[in-house]
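Student: I would like a close look at one part of this model, namely the way its secondary-structure elements pack against one another. Please take me through the geometry of that packing carefully, and then through the residues that belong to it or lie around it.

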Amino acid sequence: MPGSLEWRLYYEQNASSLLDIPWQVGADLTRDEGAAIAQSLKAFQAGEGSEGKHLLRYAGEYAKRTGDQEYVAAIRLFIAEEQRHARDLGRFLTLNAIPLAHTTFTDRVFRRLRNLIGSLEVSIGVLVTAEMIANVYYAVVREATRSIVLRRLCEQILRDEVRHVQFQAEQLGKLRTDRSWVGMAVTMNLHYFLYLGTVWVVWLTHCRAIRRGGLGCFGWWKSCWAEFREAFPSPSPHQAIRRLGLGRTS
Ligand SMILES: [Fe+2]
Ligand SMILES: [Fe+2]
């Protein structure tokens, strides 16, 4: 499992090897495509933009507790990537004469949830929920359009988001290392519940764009849960026994 130093180095390297977005192509979203995906894309653009002040504070507190200063550096670079997503999506929307949305109801709910308890675990647990959905969503949007600019942009965001999910899931794993089996079951059930709700809300509010990208309700459901299982595989029987405290030799 990479540590925070490896993640910091990864983010630095990633920032210097981005795909070229062919902005020179100009406004290439057709009217049909715009009608199907513009509102949806606006909402995702609003969700990508955040100063990350609270997250940085939680990361700083974690670093103080553990001495892991590299985690703060990695989180800073992670936030910068999310801000790049917001900036690039905003540029694409503006290029196509689509006005930006500053926030949406779902975005406000998610921001509240992230800071509900004021802990790093809750904050990145909620964040990774949105990022797993983003992994399915941007793949669908890429298929919903022939816009060269948007397709390339989706490709870049997907490359980044896959790593974001790994980054958050690994950090959650560290934060939950010593949790008992019961504590872990409660935690994971809360996470399932949050994810379940998010999958449905995103389907209900973005189904037009998702359908245009070729996924029906069942396909969306299946893809989202495949994403969840990949990020948070169920523990093996051996790991489950260890969590029960039955497999210790000393
Ligand atoms: Fe993002
Ligand atoms: Fe992300």
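Tutor: The axis of an element is here a line fitted to C-alpha atoms, for helices over the stretch in contact, and the angle between two axes runs from 0 to 180 degrees between their N-to-C directions. In general, two packed helices are described by the angle between their axes and the distance between the axes. Please keep in mind throughout that this is a predicted model.

With that in hand, α5 and α6 pack at an angle of about 150 degrees, and their axes are 8 Å apart. Angles over 145 degrees count as roughly antiparallel, and α5 is therefore roughly antiparallel to α6. On the α5 side the residues that meet α6 are Phe-110, Leu-113 and Arg-114, and their counterparts in α6 are Val-122, Ser-123, Val-126, Leu-127 and Ala-130. Sorted by class, this contact of α5 with α6 has six nonpolar residues, one polar and one charged.

Helix α6, which spans residues 120-144, also packs against helix α8, which spans residues 181-212; here the axes come within 10 Å and cross at roughly 20 degrees. Since angles under 35 degrees count as roughly parallel, α6 and α8 are roughly parallel to each other, and their crossing is right-handed. From α6 the contact takes Gly-125, Thr-129, Ile-133, Val-140, Val-141 and Ala-144, while α8 supplies His-191, Leu-194, Tyr-195, Thr-198, Val-199, Val-202, Ala-209, Ile-210 and Arg-212. By class, the contact of α6 with α8 has 10 nonpolar, four polar and one charged residues.

A further pair to consider is α4 with helix α7, the latter made of residues 148-175: their axes come within 11 Å and cross at roughly 160 degrees. At that angle, α4 and α7 are roughly antiparallel to each other, and the crossing in which α4 passes α7 is left-handed. The α4 side is made by Phe-78, Glu-81, His-85, Asp-88, Leu-89 and Phe-92, which meet Val-149, Leu-150, Leu-153, Ile-157, Asp-160, His-164 and Phe-167 of α7. The residues of this contact of α4 with α7 divide into eight nonpolar, two polar and three charged.

Phe-44 lies in helix α2, residues 31-48, and, leaving aside neighbours within four places in sequence, Phe-44 is in contact with Leu-89 and Tyr-137. Leu-89 is also one of the α4 residues that meet α7. Phe-44 is buried because 26 other C-beta atoms lie within 10 Å, where 20 or more are needed. Phe-44 and Asp-107 are 63 residues apart in sequence, yet their C-alpha atoms are 8.5 Å apart in space.

Arg-176 is found in the loop between α7 and α8, and with 14 other C-beta atoms within 10 Å it is partly exposed. Beyond its neighbours within four places in sequence, Arg-176 is in contact with Met-184 and Thr-187, and its C-alpha atom is separated by 8.6 Å from that of Glu-121, which is 55 residues away along the chain. Ala-97, in the loop between α4 (69-95) and α5 (105-114), counts as exposed, with 10 C-beta neighbours inside 10 Å. Ala-97 also has a positive phi of about 60 degrees although it is not a glycine; most residues other than glycine have a negative phi. Within a helix, Lys-64 of α3 (residues 53-66) is likewise exposed, with 11 other C-beta atoms within 10 Å, and its C-alpha atom is separated by 14 Å from that of Ile-75, 11 residues away along the chain.

Finally, the whole chain puts these pairs in context. The protein chain has 10 helices and zero strands, and its radius of gyration is 19 Å, close to the 18 Å that the globule rule gives for 250 residues, so the chain is as compact as a globular protein of that length. Along the principal axes, its C-alpha atoms fill a box of roughly 65 × 40 × 30 Å. Of the 250 residues, 32% count as buried, and among contacts between residues at least 6 apart in sequence, 79% join residues at least 24 apart.

Conventions
Residues are numbered from 1 along each chain as its sequence is written. Chains are lettered from A and ligands numbered from 1 in the order in which they are written. This is a predicted model: local features need pLDDT of at least 70, side-chain atom pairs count only at pLDDT 80 or more; totals for chains, interfaces and linings use all residues. Helices (H or I, at least four residues) and strands (E, at least two) are DSSP runs, numbered from the N terminus. The radius of gyration is taken over C-alpha atoms; the globule rule is 2.2 Å times the number of residues to the power 0.38. A residue is buried if 20 or more other C-beta atoms lie within 10 Å of its own, exposed if 12 or fewer, and partly exposed in between; C-beta atoms are placed from the backbone. Two residues are in contact if their C-beta atoms, placed from the backbone, lie within 7 Å. Angles under 35 degrees count as roughly parallel, over 145 as roughly antiparallel, 65 to 115 as roughly perpendicular and the rest as oblique. A crossing is left-handed if the near helix is turned anticlockwise from the far one by less than a right angle, and right-handed if clockwise. Ala, Val, Leu, Ile, Met, Phe, Trp, Tyr, Cys and Pro count as nonpolar, Asp, Glu, Lys and Arg as charged, and the others, Gly among them, as polar.
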